[in-house]
There are 2 protein chains.
Amino acid sequence: MFGRIALVGIGLIGSSLARVVRREKLADHIAISTRSASTLRRAEELGLGDSYHTDAAEAVEGADLVIVSVPVGASGTVAQAIAGALKPGAIVTDVGSTKRSVIDQMAPHVPHGVHFIPGHPIAGTEYSGPDSGFAALFEDRWCILTPLPDTDAAALDKLKAFWRACGSDLDEMDPDHHDRVLAVVSHLPQLISYNIVGTASDLETVTESEVIKYSASGFRDFTRLAASDPTMWRDVCLHNKEAILEMLARFSEDLASMQRAIRWADGDKLFDLFTRTRHVRKSIIEAGQDVEVPNFGRQSAKRGESQT
Amino acid sequence: MFGRIALVGIGLIGSSLARVVRREKLADHIAISTRSASTLRRAEELGLGDSYHTDAAEAVEGADLVIVSVPVGASGTVAQAIAGALKPGAIVTDVGSTKRSVIDQMAPHVPHGVHFIPGHPIAGTEYSGPDSGFAALFEDRWCILTPLPDTDAAALDKLKAFWRACGSDLDEMDPDHHDRVLAVVSHLPQLISYNIVGTASDLETVTESEVIKYSASGFRDFTRLAASDPTMWRDVCLHNKEAILEMLARFSEDLASMQRAIRWADGDKLFDLFTRTRHVRKSIIEAGQDVEVPNFGRQSAKRGESQT
């Protein structure tokens, strides 16, 4: 599909891309670049690419497709670093969780004749780094592209075909709308998870070892997201600030209202609140976005047997 | 192990108990009781017991072990109803998520010579009703007993042996401490899940179908708990009010502090907050309380293949 693909950043997303590009034979040459010498060495040990570069400009030289997979706060620096080395006609895309900020950071540096098409695969796990990637990460997951008004139609089609070959379903969205949608489906759950795990770690009357021991009663679900990469999430907070603050404000208002219902023992209100959320789970399962089995189909941690 | 076991309430917990008692041959006779005629009929269709009763007093007559598995708000009514029919020397226990309130509701009704030992198996799924139970529910899960100061040692040993035969690990705890521990590991996560799903359903600029479509980016994790039984959770809120309000207050304070760090773009503070929660996940996995695989080992919803 492509001659040379350059992957700038080789964490969970970058290394999953490397693996699926190899498996699906989507490029003749995979050039891998990361600032960290030790991460680059690890990528080489894993045999993820054909060439390895600490200098991103060197990696993108002659590349037909450049995929930037770095924390969103680093997008501008990367764009500046690679701008001069980009081949005319090349496609440059990214995988960042915020889109307006990435466009503001990258677009000014992309030279005329190079096609910059921002993107965001809705896929991931709580793990990070080149060891955590796997070729099936994008299968049956949405990939949202947020093309700019002057985006070349042929280049857009080519990028869509690439993501389809990785197993993704494609969507297009306005960048600002993307940022609002992701603030609620991704950034808010993430921050709430970090927060609840923090709150539980700070108690005086309940020990952390008790919290861990009895975590299967609900708490453990939140610790998964709270184990995610802190650098990535710091950057998301700084680069989607307005939408995130709006969602946090709504969440807090709703929580205050629930708190009041508990204090005044308003059982009917609590029952209503707890009833109206049930159908959302059902819709998510019907949409193929989660599994129908109890407890996410978790296996028993000790015996390796299904809990269902 | 027992002659007759009476199960008062035949939802997720009660019906799981029926199944494991049968599998492990822990009783000669399983008497099942529930107020709802249709639920009782369903239990009979499933062949969960040996006798079926809408009258709880009838079920507990001659029983050596009585297990009350009803929403905690119904504990008092059940205790009153069965008190006169309890056999001298019988053990009465419960499985409620709050312990102080259950003791206050039930203990006054239990006649002299009957052993009342409150309990709480830390096990469950987001499903409810007699169809949702399964014999392995309690395997490798903690069961907390909160014996009263005058509890008979032999009766306590017998109840412990019963739970061990169901696959559980046993713990003892003071009832008030139990209620504080559960407020943080179970009740807070549950309320936060209900709240975030509610908030996401109420947006004007993002549609519910968008929330569902892109839920795999984090939100879907919360919808599992938010699909839990509303009656059970209304009762928990009403019967562990003080501890829950305390945990919600702490959570809200911490969230306000995080919100402020986002508003003022305090990247270092955010990075610290997001780093210190990582080890909790690690400890939970080491304690055998969750699986080590990414995404809880979820299978792909569409293809039935592992995502890892």
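Below is a chat about a predicted model and how its chains are built.

Reader: Before we start, what kind of model is this, and how are things numbered?

Author: It's a predicted model, where local features need pLDDT of at least 70, side-chain atom pairs count only at pLDDT 80 or more, and totals for chains, interfaces and linings use all residues. Residues are numbered from 1 along each chain as its sequence is written, chains are lettered from A and ligands numbered from 1 in the order in which they are written, and side-chain values use heavy atoms, with hydrogens and water left out.

Reader: Which residues have the most contacts inside the largest nonpolar core?

Author: A:Ile192 and B:Ile192, in a core of 84 residues. A nonpolar core is a set of buried Ala, Val, Leu, Ile, Met, Phe, Trp, Tyr and Cys residues joined through side-chain atoms within 4.5 Å. There's another core apart from that one, with 37 residues, including B:Leu48 and B:Phe162.

Reader: What is A:Ile192 in contact with?

Author: Leaving aside neighbours within four places in sequence, the list for A:Ile192 includes A:Leu248, A:Phe251, B:Ile192 and B:Phe222. Contact means heavy atoms within 4.5 Å.

Reader: New topic: where is A:Ser217?

Author: A:Ser217 sits in the loop between α8 (208–213) and α9 (219–225) of chain A.

Reader: Buried or exposed?

Author: A:Ser217 is buried, at a relative accessible area of 17%. Not counting residues up to four places away in sequence, A:Ser217 touches B:Ile122, B:Leu182, B:Val185 and B:Ser186.

Reader: OK, what about phi of A:Asp140?

Author: That phi is near 60°, a positive value in a residue other than glycine. Most residues other than glycine have a negative phi. A:Asp140 is in the loop between β7 (119–121) and β8 (142–145) of chain A, and is buried with a relative accessible area of 10%.

Reader: And what's phi for B:Asp140?

Author: Also near 60°. B:Asp140 lies in the loop between β7 (119–121) and β8 (142–145) of chain B, and counts as buried at 9% relative accessibility.

Notes:
Buried < 20%, exposed > 50% of the residue type's maximum accessible area, 1.4 Å probe, protein only. Helix = DSSP H or I, 4+ residues; strand = E, 2+ residues; numbered from the N terminus.
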